[in-house]
Amino acid sequence: MTVNNIKVDRMKRRLVVIGNGMAGMRTVEEVLSAAPDKYDITVFGAEPYGNYNRIMLSSVLCGDKTIEDIVMNDRQWYADNGISLHAGADKAVVRIERRARKVYALDGTCAEYDRLLIATGSKPVIAPIPGNDLEGVISFRDILDVNKMLAYSRQHKKAVVLGGGLLGLEAANGLVLRGMDVTVIHNSEVLLNRQMDRKAGKMLQTALEQRGLKFRMAATSQCLMGDEKGHITAVRFEDGSELECDLFVMAIGVRPNISLAQEAGLYCERGIVVNDTLQSYDPAIYAVGECIQHRGDTFGLVAPLFEQAKVCANHLSAHGVAEYSTLPAATKLKVTGINLFSVGDFLGDESCEAVHFTDPSMGIYKKLIIRDNKLMGAVLYGDTADGMWYQELLEKKKNISDIRDVLIFGQAYLTAAEAA
Ligand SMILES: Cc1cc2nc3c(=O)[nH]c(=O)nc-3n(C[C@H](O)[C@H](O)[C@H](O)COP(=O)(O)OP(=O)(O)OC[C@H]3O[C@@H](n4cnc5c(N)ncnc54)[C@H](O)[C@@H]3O)c2cc1C
């Protein structure tokens, strides 16, 4: 039997995937490798492409890569692997009928499943301020957003980015490289305050200012103002001051995209609640990626999602041995020439000790947080060579009492000290 030019094998079970992004497609790749003949796979994606590397959108914005460079699986790949792909805005799934085990897309396309995988990712948070619906107010999540930013950079001069987190700084850096005059508004006095302490945050700010970025720190925007055509012209702050802009990029975080799952009656809190095998409260429905909540955690980086994909595929393939557990994910900023690394609890509390190393003229700062002879967190600025080593010590909960005296100097120093 043939459906959409794809041969359907009646002996196979039917796996339907909602969400054509990084977590969903990694899971499909893992299923194809673990159990290539187990499923007839149908994928629904609300974006009109194959699968691309979302984290490289920053590189496309700043001109290091093109959209073509970041495509991971083009439409041909789906065809080659016998996957039925429905991609495009009208192919967004709008209803899951759990009793009948069917999903429906906006245009009426229907697919039946034995197993359903929800991988709908996140939605950008839009600041609830007047004027947030003006033309020229956008987020930074997908190819469409990048194309809008590129179009603005060709025709306009002034941009404001709301949010001094990873995404906001990468957006601002890209827009500066595209010739725009960019100011970042941040609600804290410290950039990347979820990943960096005050000292590292200030070093980062200085380095970014040298690259042309401007900052309004510890500032709160009150409203966005527009012209008679409904296009943004300025942002007004709580202190009454104003800043002109033609483009306003909101990069203040994401929220798990769970509306579809909620409407289907799946148990959700902040995300779709899953167990250690990535199963939702409906045993026929799995979920992975930024849309899930696992043991209270939600996610915003790809490393844990790829781990989830592995575990989920293991169960979908009926090998059924893997269990997912969340490990601290490391943070890096994709701005060429700026090296920073942060993992774990980088602030600590009164039960912790902090070990510091600073070399101002080399622009190097390191801080390690230790509790009970175990590394709890690390912040590295300027020299990040030992980031992975610290992360490994942290993940493996290694007792560091024997190497504590050289720990801050890094793995190479330790090896040299041992050899001596
Ligand atoms: C610019 C940028 C830079 C980033 N940089 C980094 C980085 O350096 N390091 C890092 O670890 N992480 C980074 N991230 C985060 C990373 O990209 C995400 O963690 C990851 O993409 C999440 O994967 P996901 O599959 O859960 O969601 P997504 O990749 O967003 O995929 C979800 C897909 O589901 C689709 N969808 C949603 N609802 C429906 C529906 N009803 N029907 C059909 N399809 C639907 C969406 O259109 C989307 O294509 C970055 C993100 C951005 C935006």
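Select Gln195 and display the residues around it: leaving aside neighbours within four places in sequence, Gln195 is in contact (heavy atoms within 4.5 Å) with Leu166, Thr331, Ser342, Phe346 and Val379. Gln195 has its place in the loop between strand E15 (181–185) and helix H7, where helices (H or I, at least four residues) and strands (E, at least two) are DSSP runs numbered from the N terminus. Is Gln195 buried or exposed? Because its relative accessibility is 16%, Gln195 counts as buried, a word that stands for under 20% relative accessible area, with exposed meaning over 50% and partly exposed in between (1.4 Å probe, protein chains only).

This is a predicted model, in which local features need pLDDT of at least 70 and side-chain atom pairs count only at pLDDT 80 or more, while totals for chains, interfaces and linings use all residues. Residues are numbered from 1 along each chain as its sequence is written, and side-chain values use heavy atoms, with hydrogens and water left out.

Next, select Leu204, which lies in helix H7 (residues 198–210). Leu204 counts as buried because its relative accessibility is 0%. Not counting residues up to four places away in sequence, Leu204 touches Leu169, Leu191, Leu192, Leu333, Ile338, Leu340 and Tyr381. If you pick out Leu191 from this list, you will find that Leu204 and Leu191 are 13 residues apart in sequence and 7.5 Å apart in space, C-alpha to C-alpha.

Now move to helix H10 (residues 387–395), whose buried residues are Gly387, Trp389, Tyr390, Gln391, Leu393 and Leu394. Which elements do the buried residues of H10 pack against? Their partners are the strands E25 (340–344), E27 (364–371) and E28 (374–381), together with the helices H11 (404–407) and H12 (411–419). H10 is followed by Lys397, whose phi is positive, near 50°.

A polar side-chain atom of Glu47 lies 2.7 Å from an oxygen atom of the ligand, and a backbone N or O atom of Val302 lies 2.8 Å from a ligand oxygen atom.

Methods:
A polar contact is a pair of N or O atoms within 3.5 Å; within protein, one must be able to donate a hydrogen and the other to accept it, and residues adjacent in sequence count only if both atoms are side-chain atoms.
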